[in-house]
Amino acid sequence: MFTSNTRFLIGLLIAGATIFLGVKALAEGYYLLVAYYILQYIVLATAWNILGGYGGYVNFGSACFFAVGGYTTVFFYKLLGLQALKSLDFGGFIITAPFIAYLIIPASVLMGAAVSGLMGLATGYLTLRLRGVFFAISTLALTVVVQTLVLNWSYVGGARGAYVMRPPSVAGFASTSEFVFFAMLLIAMAALAIARNVEHQKLGAGLEAIRDDEDSAECSGVPTLQLKLQATTLSGALMGAAGALFPYFVTFVDPVGAFNLVHTVNSIAMPLIGGMTHWSGPLIGAVLLGGVQQYFGSKNMVTPELSLLFVGVLMMVFVAIAPNGILGLWQRLRGKDVK
Amino acid sequence: MTSPLLRVQGMGKRFGGFVVLDGIDFEVYPGERLGLIGPNGSGKSTTVNCLSGVLSHDTGQISFDGQVLDGLKPHQRAYAGLARSFQIPRPFARLSVLKNIKVPMMFAAEKRSGRRFNEAELEDQAHQALAQVGLLAKADLLAGSLTQIDLRKLELARAIAAQPKLLIADESMAGLATSETDEILALLFQLNSQGIAVIMIEHIMRAVSAFSQRLVVLAAGKKIADGPTQEVLRDPLVERIYLGD
């Protein structure tokens, strides 16, 4: 009756609406927090998977792209003096305080995505001649370099960090947090739709060919450098979009939090655990792993360090016994090989 | 006389101080079957790599179908109509056999035809290419699970799927049993009959002499013979290089 694209979109909208209304109905800050973090990881894991899962280029710099998105928000927040903003006047058309969030938060997300996307393009151009482990190391180095720059840049708070005073209320939403959560939900839905689209388009097929054999792909007519640059840009932009919302959600950003290794490790572990060959893999991984982490974190049963250790062990287990993740296991159980 | 499809003039390549190719000249005409032979280390594989753009040559000029290929990337050469198979099969191991064929169709063949194929066309043409090499029944298997002979066939099918004017078959038969060699040979003849020029690089003399209309012989990076197959095989210099004094 419907094409698979329509079915996907309907499913996505229903899921999105259910999550939003569900979290709203629970009316408790805790669930909002948990749901926000899981959505954030859906974006990071999905973004990572576009380059890492389809293209086979392991990016150890997720935290960097995420943090650059966050610091882009901080930078423009300070530059434009948004903390003192009560209303905006566009030649007689006045945007009052409850509506300001509708303008500045989406604008921040777009800016964060643009800056991180450009950084993805630049790093791609500089490093994609490196293959395999060398590319991975260079992205790790990128994180260290950018973090050092931010640490020493007092305008955006340096090592002390920076506060972001968000609009106190947003028209149509119970709280500003709820609005930011809604924005993250939209980004996560967009990320999934983009990943699925990449998978079904030439870009996805080309990236998979690159992953399996780059020279062979070139000789089959795949413009490898061009596709890899598209992937780094797209992946970076999505991570940046997620990062740009972070300051509005937690109201405070510092280098330790923004560049945290947890972002990097999770965005690799989640696709690995869920399955890297399909857009739903990172989603499954993010929901499971993110859910478990939030659950144990909330019970004060584990410290963040212990949680990271747990993720590391889980990753090793999956690499060893189920390299195609939960999706791969599922397909094997049903007697079908991974496509 | 028709103009050559591929013209190689004074092609040279060195790795550090070691001269691998030293001023190679040869031509391939549309629809021709050319054998490229030579002892190990004579520069055959380097020639293939320089022609397909995996390596860039240092001196000389390669022109193909009226276009100078110097400095072009492999994918751009594929767009021009030049396809190659690899000596050691290099499939997209984690993709299905069918998808292995779709990749060159989606990129090289689409670019050459100047339009997007729809899903049905892709499916249809990929099946045709697989049927041609006898891999249709294995379309849904992962390419990494194929046997050697099937991998060789897949290499050829992938090359055909790009709809080339020239196919460079780099040792498509090395390590295969006699009956398998015959299968690949029959395939190459069939492709040629569709108008695709073929350069066969091969050590199996039985196959080369049966296939080639003309032979080019390399030794130590230089071309030492070029002519009709039987004449070249009777050439005392070629005999000495192949069989020793």
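How many bridges join strand 3 of chain B to strand 8 of chain B, and do these strands run parallel or antiparallel? The views below start from that pair. This is a predicted model, in which local features need pLDDT of at least 70, side-chain atom pairs count only at pLDDT 80 or more, and totals for chains, interfaces and linings use all residues. Residues are numbered from 1 along each chain as its sequence is written, while chains are lettered from A and ligands numbered from 1 in the order in which they are written.

View 1. Strand 3 (residues 33-37) and strand 8 (residues 197-201) of chain B run parallel, joined by four bridges; strands here are DSSP runs of E with at least two residues, helices are runs of H or I with at least four, and both are numbered from the N terminus. Look for Arg33(B), whose bridge partner in strand 8 of chain B is Val198(B).

**View 2. The hairpin of strands 1 and 2 of chain B.** Strand 1 (residues 6-15) and strand 2 (residues 18-28) of chain B pair in the antiparallel sense over seven bridges. Two residues lie between the strands, and Gly16(B) in the turn has a positive phi of about 60°.

**View 3. Helix 4 and helix 9 of chain A packed together.** Helix 4 (residues 97-127) and helix 9 (residues 224-250) of chain A pack at an angle of about 145°, their axes 6 Å apart. Axes are lines fitted to C-alpha atoms, for helices over the stretch in contact, and angles run from 0 to 180 degrees between N-to-C directions.

**View 4. The contact between chain A and chain B.** Chain B brings 26 residues and chain A brings 17 residues, where contact means C-beta atoms, placed from the backbone, within 7 Å. On the chain B side, helix 2 (74-80) and helix 3 (97-113) each supply at least two residues. Helix 3 of chain B gives the most to that side, with eight residues.

Technical notes: Contact = placed C-beta atoms within 7 Å. Pairing = 2+ DSSP bridges.
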